[in-house]
Amino acid sequence: MSGSLPSRVAIRAPNWLGDVVLSLPAVRDIRRAFPEARISVVARPSVAPLYEAVPEVDAVLETAGLRRETAILRAGFDLAILLTNSIGTAIHAGLAGIPERWGYATQGRGLLLTRSTPVPESVRGRSQVHYYRAMLAAMGLPTSDALDTSIAPPPAWKGAGRALLGPGRFFGIAPGAAKGSAKQWLPERFAAAADRLGVELGASVVLLGSPADRRAAAAVAQAMTSPSTDLSGKTDLRTFVGLIAGLLGLVANDSGAMHLGAALGIPTVGVFGPTNADETHPVGRRAGFLRGVAECSPCKYVTCPIDHRCMTSVTSASVVEVLLREVRS
């Protein structure tokens with residue numbers, strides 16, 4: 001940019017919940033670089049409410065579709081920083097007439113941006129936190145080494161979550177995952193881990209997830225020997241975050257729920273198989289993960305074409321051990 005710092009900055013958010021959480025250290029870098037700017041996040045409705053729990057953000061603008069996003073961006077922004085990779089988001093920023101547009105030169109969009117960079121090889125095989133930060137560094141912004149993905153849900157969110165749970169002690173099981181069944185650990189393994197953790201923690205089991213996860217949650221509940229409370233598909237994002245914040249711990253697949261648990265600082269264990277745990281593992285001081293062992297992993301397939309051997313290699317006992325370690329840490 002020319003001499004002066006921007007006064008109005010638009011950050012185009014990633015579209016998936018886990019990506020949003022892993023991009024939060026970059027959002028904090030942007031705030032440190034532009035401490036006096038008004039920072040607005042432009043995000044899809046499915047993830048936008050989460051930014052209400054991020055104090056570095058001044059405003060959250062929901063978008064859907066070409067006209068809506070372009071109209072939102074025509075609000076006098078000096079700078080748009082694209083944490084997305086799509087050419088579409090670069091088109092929106094260009095049509096809105098934002099003078100400075102920064103991001104990765106992915107999908108051939110480099111010519112639409114005023115500053116762009118190819119994705120560096122140095123971020124491959126590292127936490128996605130570094131993916132977003134490397135782009136900022138290439139734009140000339142200072143970045144921190146802090147891996148702060150924390151979120152601070154308002155008291156109302158926590159109250160709504162507690163109202164759903166009722167009195168008592170609870171830990172969570174999130175057996176679903178977006179983008180296909182290959183990422184889902186076996187229901188009977190979740191069930192065995194849940195039964196054991198209920199005894200070890202002296203707590204009840206709550207099953208969590210989106211409406212798309214109801215079938216997975218029902219399968220886990222059916223395989224359990226102890227009772228459970230199934231809240232899958234019964235919360236909006238704000239209540240979902242508040243609910244997770246009140247749990248003693250969480251076991252999940254590689255999913256948005258896993259990343260939320262880590263960001264909220266509760267003991268969290270993620271189970272990985274077809275996806276690359278080096279890049280998308282949970283980031284938090286009380287978060288751990290288990291990686292399935294198979295010669296074909298990580299394949300990143302949506303559906304396993306063979307026998308799901310990566311996920312079947314992860315035992316219930318190992319998951320219980322890791323979560324209890326995080327609980328006691």
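Helix α4 (residues 87–95) supplies the largest share of the nonpolar patch, three residues. Helices here are DSSP runs of H or I with at least four residues, strands are E runs of at least two, and both are numbered from the N terminus.

Ile87 sits in helix α4 and is partly exposed, at 31% relative accessibility. On this scale, buried means under 20% relative accessible area, exposed means over 50%, and partly exposed lies in between (1.4 Å probe, protein chains only).

## About the model

This is a predicted model, in which local features need pLDDT of at least 70 and side-chain atom pairs count only at pLDDT 80 or more, while totals for chains, interfaces and linings use all residues. Residues are numbered from 1 along each chain as its sequence is written, and side-chain values use heavy atoms, with hydrogens and water left out.

## Salt bridges

Side chains of opposite charge can pair when their charged atoms come close. With a salt bridge taken as a side-chain nitrogen of Lys or Arg within 4 Å of a carboxyl oxygen of Asp or Glu, the count comes to 14 salt bridges. One of them joins Arg28 and Glu56, at 3.0 Å from N to O. Arg28 belongs to helix α2 (residues 24–33) and Glu56 to the loop between β2 (38–43) and β3 (59–62), so this pair ties together parts that are 28 residues apart in sequence. Both Arg28 and Glu56 are buried.

Helix α2 also holds Asp29, whose partner Arg133 lies in helix α5 (residues 128–138), 104 residues apart. Arg133 and Asp29 meet in a salt bridge at 2.6 Å, N to O, and both are buried.

Arg291 forms a salt bridge with Asp278, their closest N and O atoms being 3.1 Å apart. Arg291 is partly exposed at 41% relative accessible area, and Asp278 is partly exposed at 32%. Elsewhere, salt bridges that share partners join Arg28, Glu56 and Asp148 into one network.

Strands count as paired if DSSP finds at least two bridges between them. Strand β10 (residues 250–253) runs parallel to β11, joined by four bridges, with Asn253 partnering Val271. The chain passes from β10 through α10 to β11 in a right-handed β-α-β crossover: with the strands pointing away from the viewer, the path from the first strand over the helix to the second runs clockwise. Five bridges join β11 to β12, also in parallel, and Phe272 stands opposite Arg291.

## Helix α9

Helix α9 (residues 237–245) is mostly covered, with seven of its nine residues buried. The buried residues include Leu237, Phe240 and Ile244. Among the elements covering them, by contact (heavy atoms within 4.5 Å), are α1 (17–22), α6 (155–165) and α10 (256–263).
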